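Reader: I am new to this structure. Please take me closely through one part of it, the aromatic rings and what surrounds them.

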Amino acid sequence: MAKVEKSYRPWLGYLQPLVLLAPSGIWLLLLLVLPTLIIFELSLVPNIRPGDVVNPSGLHNYIRILDPLYLQVIWRSLWLAISTTVICLILGFPVAYWIAQIAPKRWQNLLLLGFVLPLWTSSLLRSYAWITILRPTGLLNSWLTSLGLPALELLNRTPAVLIGMSYGLLPYMVVILYASLEKLDKRLLEAAADLGANPTQVFWKVTVPQVLPGITAGSMLVLITGLGDFIDPELLGGASSMTAARLVYNQFLGVTQNWGFGSALSMTLILAVSIAIALLIKFGEVTPKRY
């Protein structure tokens with residue numbers, strides 16, 4: 001009996017991980033893999049509408065994406081995502097550094113919690129709050145006119161979209177940068193200063209290399225999320241701020257109802273996000289240089 005029992009142990013070693021992974025694997029298969037395959041199949045059908053027979057026939061929808069009009073929409077989406085990433089990095093790094101290195105230890109968790117508190121509210125509610133602030137008769141222009149300054153036309157323009165997206169994604173950048181800056185080796189900073197490096201040199205040659213994985217991870221997270229943002233461009237940008245996410249929405253639920261082209265656009269976004277995630281996995285764990 002001991003020999004028989006021993007011969008089955010390798011099988012148990014294989015079965016245990018499968019049993020543990022089965023619930024999440026089935027969930028992932030049903031809600032991610034299969035829908036993605038369905039979208040890919042629809043992307044191969046030109047001009048398909050609800051109720052039509054699915055008959056994949058080529059890459060016509062993907063070729064249509066190369067139209068200058070749609071390339072301009074994709075470029076606008078990418079530009080908004082990149083601009084939001086840069087803004088979040090510029091604003092988030094000093095905040096994360098202050099919380100991680102300067103603020104008293106007993107207040108760090110509370111300060112971090114207060115900074116991410118807006119994430120507890122709906123993104124739709126945050127966008128409407130910015131509408132109240134940025135509209136011509138909103139809080140910002142009322143405050144400017146009370147000071148004798150000219151009112152600003154921000155709502156339904158690109159600056160309003162950047163403000164809304166940056167506000168919504170800034171906490172993600174701060175949290176990730178905080179996790180890296182908290183582990184900053186101050187001995188290297190002191191050694192660089194003792195060797196005659198000025199603060200600028202210490203920052204670029206010692207601080208940045210140590211937190212480069214956090215900068216990469218935070219930037220990629222904000223870029224990926226900003227690329228698929230729908231609410232802020234829709235509510236704050238108006239009709240002039242067409243993005244890829246809004247274009248996909250129009251193909252599925254708008255007047256045109258071209259599910260094939262909308263699926264091709266979706267697959268293009270999925271591919272772009274997948275490449276970004278692959279880059280994050282490859283470069284997000286880079287070991288910082290030691291000096």
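Author: Phe93, Phe203 and Trp204 form one aromatic cluster. The model is predicted, so local features need pLDDT of at least 70 and side-chain atom pairs count only at pLDDT 80 or more, while totals for chains, interfaces and linings use all residues. Residues are numbered from 1 along each chain as its sequence is written, and side-chain values use heavy atoms, with hydrogens and water left out.

Rings of Phe, Tyr and Trp (its six-membered ring) pair if their centres lie within 6.5 Å; planes under 30 degrees apart are stacked, over 60 edge-to-face, and the rest tilted. A search of the whole structure finds 6 aromatic pairs.

Take Tyr70 and Phe261, one of these pairs. Their ring centres are 4.7 Å apart and their planes stand at 55°, so the pair is tilted. Tyr70 lies in helix α4 (residues 68–102) and Phe261 in helix α13 (residues 259–283), so the pair ties together parts that are 191 residues apart in sequence. Helices here are DSSP runs (H or I, at least four residues), numbered from the N terminus. Both Tyr70 and Phe261 are buried. Buried means under 20% relative accessible area, exposed over 50%, and partly exposed in between, with a 1.4 Å probe and protein chains only.

Now back to the cluster. The rings of Phe93 and Phe203 have centres 5.5 Å apart and planes at 85°, so this pair is edge-to-face. Phe93 belongs to helix α4 and Phe203 to helix α10 (residues 199–227), so parts 110 residues apart in sequence are tied together. Phe93 is buried, at 10% relative accessible area. Phe203 is partly exposed, at 30%.

Beyond its neighbours within four places in sequence, Leu181 is in contact (heavy atoms within 4.5 Å) with Phe93, Ala96, Tyr97, Ala100, Gln101 and Val211. Leu181 and Leu177 touch the most other members of the largest nonpolar core, which has 23 residues. Such a core is a set of buried Ala, Val, Leu, Ile, Met, Phe, Trp, Tyr and Cys residues joined through side-chain atoms within 4.5 Å. The elements giving two or more residues to this core are α4, α8, α9 (186–194) and α10. Helix α8 gives the most, with 7 residues.
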